[in-house]
Structure formats: structure tokens, C-alpha cells
Amino acid sequence: MTDNWEPVVIAYLCHFCSYSAADLAGSMRLEYAPNVRISKLMCTGKVDAQFILKAFEDGADAVMVSGCEEGDCHYLEGNLRAKKRIAHVKSLLKEVGLEPERVEMYNIGASDAPKFVRAVNEMTERARKLGPNPLKKKENTVPA
Amino acid sequence: MIIAERKPFDEIKQEILNYKKVLVLGCGTCVSVCMAGGEKEVELLATELRMAAKIAGKELVVDEMTVQRQCDKEYVEAVIEKAAQYDVVLSMACGAGVQFVAKTIEPAIVMPAVNTKFIGVCEAEGVWAERCRACGNCMLAEYGGICPVTMCSKGLLNGPCGGAKNDKCEASQEKDCAWVLIYNRLKAQGKLDNLRKFTGARNYTFQASPSKQVNEAYVRPELAVKK
Ligand code: SF4
Ligand code: SF4
């Protein structure tokens, strides 16, 4: 499995900044790791710990959450709330036995396509180093 | 409301160590509001347990259910049928809820997933503070609406003790001296005279445990308690 394994990185991006940056990266013809799967939210303040745990439970190798630069949130402080929540999720991952580095918070402004590219590549590389999410490999549920 | 906090994950794992089918049961009232054991926390805990088991290569089924209140018969009875399909019910309600579920589905195994802490208020997002010890004989009228039983570290009814410094309690610099608060409140209300009165020793029979409360107007005749 690890031979031709490619990490899957889930990215929760906010509508007003980070998603626009991703869009701009496309318009600018910038290349980035194709491992990322983007999910657009109105604001990273909407990101619930459960979204992230669920992504890992379903086999994601890394999750990145990206909002506006601090102080620039369209909803004023959604990204600051997300920052705290990501810190909390890291502790949850540790509890269950996954590396906390598999999740990270970024702040990427709408015009900062190169930063988006760097972030995606960084998370993909990080996931590659950490190896496949162990939850992907084993099936353990017994039928009811 | 009742304030609780989730138990450490390792302790919860230990509680269900010998079981293969777990029902995580949330409570939609107090513990939901204080974010310890509501529907959302049930989802999180169940997901964590499933993930941890899978990583450890263990067989474990973890399902989720949340009822409006685990301290109310009509809601708990709705759990009986479902609970019968599991080896253990992991209740995320306060201690009262856990016991009520355990009694309702006895002798099925019910384990607590939260630590019940106090009766309190929500001071700000994510911050809860104790306000009442359920003493059974509320004296707030005398003390300007500040409870000396709860808010004074020593529970003094005829304070202050004299140890306060900079309006903080001598037991902990983190805590306001309840008696400074009481004095200031009564002063603002023009009721400082209240403090001239001596309050006798607390009557602990008001708090005899386990306490019971009956409202005759609502008791069904067949269940009425004999006096
Ligand atoms: S079971 Fe406990 S937490 Fe749930 S509603 Fe009743 S008192 Fe509140
Ligand atoms: S006096 Fe204090 S502990 Fe007693 S019922 Fe009133 S608030 Fe609660």
C-alpha cells in the first residue's frame, strides 16, 4: 500500500481569503501538490473539531485549515476562534494516538496565492514524512 | 445549571476496556450547555473512541445517542430498547443522570464519562463558575443576592473573617472575598443594616441527603406518598 501511496490532504478554506487565494493560484497558473482536496466554508470560525476528527476517521492523512490573516477576518474573529479550536484538536489527536502535526492552521490572504501554494506543499510533504494515516489501513468494526 | 467536565480520555478508555459494543449517551440539557456531554460532545467522544480502537487494532463498536434529559423518566425510558443492544452505556450526563439511566436499565452496565462539578452560571464563552451549593434554605435575601455558603471559602454566615487582602480571599488570591462583595452590594442597596443581624448556625437538616421533593398538586393518586 505504501509503495504507490499518495497522501490525501483535506483543506478547509474560508470563502473570503484563503479560497480566493487558491482560486488566484489557479488563475496565476501556479503549480501545487495535487494531493489537496478543498472544502470551502464561509469562515474558519465554522470549523468544528468534529469536521477534522471525521476527516481523519475517514482516512485523511493531513488536514489544513486556512483563514484570513489575523485581524483581517471578514467575520472579525472567526479565524482566531479556529486557531484555538485547532490547538484543541491537536490534543484530541494526541489522545487517540495520531500525530498532532497532521493538522495545522494557516492564515492566507486573498491575494497571497504563493503562500497558499507553499502551505499545500508543506502539508503534503509533512503527511508524506508521517506516513499513511493508520486509520486507513485497518478495518475493525464488527457487525451489530 | 449543573456544570460538568469530560473525564480524561484514558480514564474513559479504561472504563470500557472489557466491552465491545458501546453506546455513548448524551444529555441535551445542562451538560449540553456547558459543553461537556451534549450531542456534540457525544459525537467527539464516540469518534475519538472509534479512532483509538482502530489504531490499536481492537474490535469496538461505538454508537451515539442523545436524549433531552437523563434525569427525566419519559426521556430515559426511550433509551431502554436501544441500550439493550450494547455491552455498556457510557453516559455523558451529570451524576444524577448516570444513576437514573443505570436504575432504568438495570442491571445493564452504565459508566460515567464526565465529572460533575457544581451548580453554576456561564460567565463568558467557555467559562463557568459555581454559585449555589443547594443548601436547602436559601439565605440570599439577607446577603444582597450573594451566597456566603458558596462564595466564601469558609462558608461564613457572619463574615468577614478578617483575612482578606486587597479584596481577595486569604485562602486564594484568585478569589474575591465574598464578604467584600456582600458589603459592597448591601451598601449600594442601602441595606447595610442587614449586617447587624446575627445569623445562627446553619441547619444542616435542610440538606439531609438524599433529599426528596414532592409537589402534591402533581402527584398521580396511585403514587401519592403517605404522610
Ligand atoms: S441529567 Fe443532569 S445534566 Fe442532564 S438535564 Fe438532568 S440534571 Fe442536567
Ligand atoms: S443560600 Fe447559597 S447555597 Fe443556599 S440555596 Fe441560596 S444560593 Fe444556594
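Reader: How do you know that strand 6 and strand 7 of chain B pair, and is the sense parallel or antiparallel?

Author: This is a predicted model, in which local features need pLDDT of at least 70 and side-chain atom pairs count only at pLDDT 80 or more, while totals for chains, interfaces and linings use all residues; side-chain values use heavy atoms, with hydrogens and water left out. Residues are numbered from 1 along each chain as its sequence is written, and chains are lettered from A and ligands numbered from 1 in the order in which they are written. Strand 6 (residues 114-124) and strand 7 of chain B share 5 bridges in the antiparallel sense, and they count as paired because the criterion is that DSSP finds at least two bridges between two strands. Strands here are DSSP runs of E with at least two residues, and helices are runs of H or I with at least four, numbered from the N terminus. Within this pair, A124(B) stands opposite V127(B) in strand 7 of chain B.

Reader: What makes strand 1 and strand 7 of chain B edge strands?

Author: The open sheet has 3 strands in the order 1-6-7 (chain B), with antiparallel pairing. Strand 1 (2-6) and strand 7 (127-132) of chain B each pair on one side only, and this is what the word edge records. Neighbouring strands of this sheet are turned by 70 degrees against each other on average, direction ignored.

Reader: Which sheet of chain B has parallel pairing, and in what order do its strands lie?

Author: That is an open sheet of 4 strands in the order 3-2-4-5 (chain B). Its edge strands are strand 3 (61-67) and strand 5 (109-112) of chain B, each pairing on one side only, and the twist averages 25 degrees from one strand to the next. Strand 4 (residues 88-91) of chain B is joined to strand 5 of chain B by 4 bridges, with V110(B) in strand 5 as the bridge partner of V89(B).

Reader: How do you know that helix 3 of chain B packs on the sheet?

Author: Helix 3 (residues 39-55) of chain B touches strand 2 (21-27), strand 3 and strand 4 of chain B, where contact requires heavy atoms within 4.5 Å. Its direction makes about 175 degrees with that of strand 3 of chain B, on a scale from 0 to 180 degrees between the N-to-C directions of axes fitted to C-alpha atoms, for helices over the stretch in contact. Helix 6 (residues 95-104) of chain B lies across strand 2, strand 4 and strand 5 of chain B, and runs at about 175 degrees to strand 5 of chain B.

Reader: Why is S66(A) called buried?

Author: S66(A) is buried because its relative accessible area is 0%, and buried means under 20%, exposed over 50% and partly exposed in between, with a 1.4 Å probe and protein chains only. S66(A) belongs to strand 3 (residues 62-67) of chain A.

Reader: Why is K84(A) counted as exposed?

Author: K84(A) has 66% relative accessibility and therefore counts as exposed; its place is in helix 3 (residues 78-96) of chain A.

Reader: Why does R29(A) count as exposed, and what is its phi?

Author: R29(A) counts as exposed because its relative accessibility is 69%. Although R29(A) is not a glycine, its phi is positive, at about 60 degrees, and the residue sits in the loop between helix 1 (18-27) and strand 2 (36-41) of chain A.

Reader: Which residues have the most contacts inside the largest nonpolar core?

Author: They are Y12(A), I52(A), V63(A), V24(B), L45(B), L49(B) and L90(B), in a core of 51 residues. Such a core is a set of buried Ala, Val, Leu, Ile, Met, Phe, Trp, Tyr and Cys residues joined through side-chain atoms within 4.5 Å. Its largest share, 9 residues, comes from helix 3 of chain B.

Reader: What makes the peptide bond from G159(B) to P160(B) cis?

Author: The omega of the bond from G159(B) to P160(B) is near 0 degrees, and the bond is cis; P160(B) lies in the loop between helix 7 and helix 8 of chain B. Another cis peptide bond joins S209(B) and P210(B), with omega about 0 degrees.
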